[in-house]
Amino acid sequence: MGSQGAARDVRGNTLAPGAMISAYRIVQLVGTGGMGWVYQAEHVIDGHVVALKVLREDQLSQDRAIDRMMREAAILASVVHPGIPRFYECGVMPDRRPWIAMELVEGSSLGDAITRGPVRALDILDVIASVADVLATAHAHGVTHRDIKPDNIFLTPDDVFPVRLIDWGIAHHLAGARYTNMNEAIGTPTYMAPEQARGGPTDGHCDVYGLGVVAYHALSGRPPFLGATSVEILVQHLNKPLPALGPRCDAPRDVVELVEKMLIKNFEHRPSALEVRAAATAIRDELGRPVYDYYSVEAIPVPIVGEKTPKTRQFRAPRWDDDDS
């Protein structure tokens, strides 16, 4: 069955096992998102297994959804780090829906771990240091993730790097196109930095704040601000003092202080991702077990077998010449 068959072979708006997209055969649906479906798929020529992200049919009329998938493909292809899912190729289905073939991440999300109760301080230090390492690389490329939350942090059994930071669909490139309106808050309210809540320009400092909220949530069992509506939560991020973390968890004082520094409302006073990584590493060393050091490990290139689809030929080129917000 070819690509034309894939466009028609749907059950409940999802592709059925065996449907084909380019040279990939659908195995099963493994996830859903705000804009698309994520499938496990196998390349029929070389056999490698991928995660295949496909835009949902109901999003096809939304230019912003198409643009965001374009942006995610471009970022995955250009920002290389073992904590970011590897990009293989991308294309467009006959019905104009874009798709992205990327690394299939094994493991479970930090969100799953949090549902089982507060996470140990030592483990959260590992998460903070590892995610900060990913963010430092992205920020050095001018890319801000903008949606750091437990469900987007996957803990993997991979011996190369312990996490994968997923879902770069609303990431922002400092030289990028304006895919969002001025004064529009974008992200997940529970983990959103004050400057995001205002809808103003954002940079890597908002990712540090989001990671701080994730750490606070993981250590205490609840995020710092809760509310009945998104607006109520955003107002608290903007105006309400941070509830002290210390009384809500049993983490060492240095860990509490680091997380609270990450949650300073004025982004100019927050540490950078590199500074967060250095601080988490130092605290981890002090507590007795060195944190994973990506930079001390020799990189191992991962070959991509088979002919790659040029990543920009099927799409409109990302318009990274205007300001975004």
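A residue counts as buried when its relative accessible area is under 20%, and as exposed when that area is over 50%. The model described here is predicted.

Seven residues of α9 can be listed as buried: A273, V276, R277, A280, T281, I283 and R284. These residues lie on the same side of α9, because they cover an arc of only 165° around the axis. The spacing in such a list follows from helix geometry: an α-helix has 3.6 residues a turn, so residues three or four places apart point the same way. The other side of α9 carries L274 and E286, which are exposed. What do the buried residues of α9 pack against? Their partners are three helices, α4 (121-140), α6 (204-220) and α8 (253-262). After α9 comes G288, where phi is positive, near 115°.

The next region is a set of paired strands around β5. Strand β5 spans residues 36-43 and is mostly covered, with six of its eight residues buried. Strand β4, residues 24-32, runs antiparallel to β5 and is joined to it by seven bridges. Within this pairing, Y24 stands opposite H43 of β5. Strand β6, residues 49-55, also pairs with β5 in the antiparallel sense, over seven bridges. Here A41 has V50 of β6 as its bridge partner. The hairpin of β5 and β6 has five residues between the strands, and one of its residues, G47, takes a positive phi near 85°. For reading side-chain directions in such strands, a general rule applies: in a regular strand the side chains alternate between the two faces of the sheet.

The model contains 14 salt bridges, counted with nitrogen and oxygen within 4 Å. In one of them K53 pairs with E72, and the closest N and O atoms are 2.8 Å apart. K53 belongs to strand β6 and E72 to helix α2 (residues 63-78), so this pair ties together parts that are 19 residues apart in sequence. Both K53 and E72 are buried.

A second salt bridge joins R97 to E57, with the closest N and O atoms 4.0 Å apart. R97 sits in the loop between β7 (87-92) and β8 (98-102), while E57 sits in the loop between β6 and α2, so the pair links distant parts of the chain, 40 residues apart. Are the two partners buried or partly exposed? R97 has a relative accessible area of 1% and is therefore buried. E57 is partly exposed because its relative accessible area is 33%.

R164 lies in strand β12 (residues 163-165) and E103 in the loop between β8 and β9 (108-109). These distant parts of the chain are 61 residues apart. R164 and E103 are both buried. The two also take part in a network of salt bridges that links R86, E103, D158 and R164.

Conventions
Residues are numbered from 1 along each chain as its sequence is written. This is a predicted model: local features need pLDDT of at least 70, side-chain atom pairs count only at pLDDT 80 or more; totals for chains, interfaces and linings use all residues. Side-chain values use heavy atoms; hydrogens and water are left out. Buried means under 20% relative accessible area, exposed over 50%, partly exposed in between (1.4 Å probe, protein chains only). Helices (H or I, at least four residues) and strands (E, at least two) are DSSP runs, numbered from the N terminus. Two strands pair if DSSP finds at least two bridges between them. The arc is that of the directions from the helix axis to the C-beta atoms. Contact means heavy atoms within 4.5 Å. A salt bridge is a side-chain nitrogen of Lys or Arg within 4 Å of a carboxyl oxygen of Asp or Glu.
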